[in-house]
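Okay, thanks for making time, everyone.

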Amino acid sequence: MTQERIAATAIAGEQPGLRRSLKLWHLVVYGIIIIQPTAPMGIYGVVSNEARGHVVTTILIAMVAMLFTAFSYGRMARVYPSAGSAYTYVGKELHPTLGYVVGWSMLMDYLLNPIICVIWCSAAAQNVLPHVPYAAWVVSFVILFTVLNLRGVKTSGRMNAALALGMSIVVVVFLAEAIRYIALVARPVGGQWLIPFYDPATFSPSLVFRGTSIAVLTYIGFDGISTMSEEVENPRRNILLATVGTCLFIGILSAVEVYCAQLVWPVHTPFPDSMVDTAYVFVAQRVGGVFLFHLLNATLLIANVGSGMAAQFGAARLLYGMGRANALPKALFGAIEAKSGIPRNNVIIVGGCTLLGAFLMTYESGAELLNFGALIAFMGVNAAAFIHYKFRSSEKVFLPATMPVLGFVVSAFIWANLNHKAQLLGVAWIVVGLLLYWLMRGTRASSGELLNLDDSL
């Protein structure tokens with residue numbers, strides 16, 4: 001629960017609630033801050049290697065899936081304006097157990113997010129100090145995230161907005177330098193302008209769709225807009241428009257960023273392992289020299305540190321909510337340290353998982369597994385929107401069945417193109433979750449308690 005909500009409910013004589021002061025443009029800016037204007041840069045090298053250079057194509061295909069899903073999120077936010085989460089939509093519209101599966105998949109995403117942030121930060125730090133071992137950087141970043149979260153250090157909304165503005169400026173600087181390089185040095189002619197979209201020498205549909213299954217990571221976070229439903233003017237209209245608008249804006253911006261990168265550095269051979277995770281900063285070095293290399297590297301490093309810290313604390317809070325609802329052992333996961341008000345056990349547990357995961361996973365495998373959970377949630381929300389607006393609601397909406405069905409089908413298709421290892425690990429995670437759900441059934445007041453965790457996040 002946000003502090004604004006707590007303050008609102010604490011005022012004597014007033015009903016709990018929030019001022020509806022946010023306009024449409026506030027929501028779009030908020031969505032861009034969540035996703036970040038540099039979203040495709042972290043995964044650029046990985047997607048390029050998988051799709052043999054067709055990063056623009058994967059970004060645009062993923063955008064289509066996200067636009068359909070964004071419609072479903074926006075529509076479901078009308079039905080549950082104070083919840084704003086996939087497990088609530090699925091649990092209420094389909095079945096509580098299916099809602100649990102979505103919630104459990106989201107927990108996997110929360111645990112994986114700090115892992116891939118640590119992996120990326122460690123690779124970026126090695127770009128600056130290559131003589132420091134990767135393992136040392138991993139341990140350092142895990143300790144940094146954990147200690148700061150235990151001390152209750154949080155980034156403010158203003159800080160996040162300032163960071164997003166700074167990243168936007170760096171993106172503009174990069175694009176200006178890239179355009180100069182393309183015009184004066186690369187000088188593509190004729191069909192070379194279209195090679196980033198389609199290169200007949202390297203194009204493979206299966207590899208492009210495999211790359212798309214990773215490129216979805218570019219858009220992760222847009223669903224957070226739906227959590228603002230109680231504070232928005234005309235939420236029935238603006239949540240939907242903001243969710244779709246944010247996906248569209250991020251998709252177009254991301255496509256421009258990777259298009260320029262591909263023209264600057266045509267992919268004839270895969271990026272080597274030493275470069276793949278931070279490939280985009282090496283593209284920046286080509287167009288702007290050492291200065292732009294370090295500027296972009298530092299910008300992305302700071303952004304990933306912030307994301308990693310927030311993701312670790314988010315995972316700890318989600319575990320706390322599950323422990324409080326007796327979906328996990330309450331004594332361990334439902335405990336709060338009295339002095340700091342922080343779920344200390346969970347922060348330490350997530351830190352341990354992050355440390356282990358950063359050594360066992362690559363950035364690519366972590367991203368694919370994270371997208372496994374995200375796509376499960378996306379399919380669930382589309383299914384919930386289909387059931388509600390096709391069979392249960394009398395409200396008339398545009399293409400009530402077609403939009404969510406297309407969103408479900410495209411998301412399912414992208415999910416099917418994930419790496420088989422990621423699919424197996426994801427299914428194993430869900431099986432473990434269902435076993436735990438069954439084992440803990442005797443200590444839960446009801447099977448639906450897990451679906452009421454929004455105030456804990």
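Predicted model: local features only at pLDDT ≥ 70, side-chain atom pairs only at ≥ 80, totals over all residues.

Val139, Ile143, Val147, Leu355 and Phe359 make up a nonpolar patch on the surface, and together they have about 390 Å² of accessible area. Two helices, H7 (134-150) and H14 (344-360), each put in at least two residues. H7 is the main giver, with 3 residues. Leu355 belongs to H14, and with a relative accessibility of 31% it counts as partly exposed.

Let me zoom out for a second. We're looking at 17 helices and 0 strands. Of the 457 residues, 53% are buried. The protein exposes about 19,800 Å², with carbon and sulfur atoms supplying 67% of that. And if you take the contacts with a separation of 6 or more, 82% of them are between residues 24 or more positions apart.

Now the inside. The largest nonpolar core has 113 residues, and the ones with the most contacts inside it are Tyr44, Phe141, Phe174 and Phe222. Helix H15, residues 363-392, brings the largest share of this core, 15 residues. There's also a second, separate core of 13 residues, with Leu107, Met322, Val350 and Tyr437 among them.

Back to Phe174: what does it touch, once you leave aside neighbours within four places in sequence? The list is Glu257, Tyr280, Val283, Ala284, Val287 and Leu292.

Tyr44 takes us to helix H3, residues 44-51, where 7 of the 8 residues are buried. Those are Tyr44, Gly45, Val46, Val47, Ser48, Glu50 and Ala51. The cover over them includes H4, H9 (205-215), H10 (235-264), H11 (273-276), H12 (279-324) and H15. Just after H3, have a look at Arg52, which takes a positive phi of about 55 degrees.

H4 itself, residues 55-79, is mostly covered too, with 19 of its 25 residues buried. I also checked its length: at 1.5 Å a residue it should span 36 Å, and the end C-alpha atoms are 36 Å apart, so that agrees.

On to charges. How many salt bridges does the count come to? It comes to 7, and I'll show you a few. Arg78 pairs with Glu395, the closest N and O atoms being 2.7 Å apart. Arg78 sits in H4 and Glu395 in the loop between H15 and H16 (402-416), so this pair ties together parts 317 residues apart in sequence. Glu395 is partly exposed, at 24% relative accessible area.

Arg180 and Glu177 are a local case, with their closest N and O atoms 3.2 Å apart. They're 3 residues apart in helix H8 (residues 157-186), which means about one helical turn separates them. Both are partly exposed: Arg180 has a relative accessible area of 36%, and Glu177 has 27%.

Last one: Arg210 forms a salt bridge with Glu364, with 3.4 Å between the closest N and O atoms. Arg210 is in H9 and Glu364 in H15, so here the pair links parts 154 residues apart in sequence. Arg210 is buried, at 17% relative accessible area, whereas Glu364 is partly exposed at 21%. Shared partners join Glu50, Arg210, Glu364 and Glu368 into one salt-bridge network, and Glu50 brings us back to H3, where it's one of the buried residues.

Terms used. Residues numbered from 1 in each chain as written. Heavy atoms only, no water. Patch = residues over 30% accessible without salt bridge, like charges linked within 9 Å, V, L, I, M, F, W, Y side chains within 5 Å. Areas by Shrake-Rupley, 256 points an atom, 1.4 Å probe, with all protein chains shown as cover. Salt bridge = Lys/Arg side-chain N within 4 Å of Asp/Glu carboxyl O. Helix = DSSP H or I, 4+ residues; strand = E, 2+ residues; numbered from the N terminus. Buried < 20%, exposed > 50% of the residue type's maximum accessible area, 1.4 Å probe, protein only. Expected span 1.5 Å × (residues − 1). Core = buried A, V, L, I, M, F, W, Y, C linked by side-chain atoms within 4.5 Å. Contact = heavy atoms within 4.5 Å.
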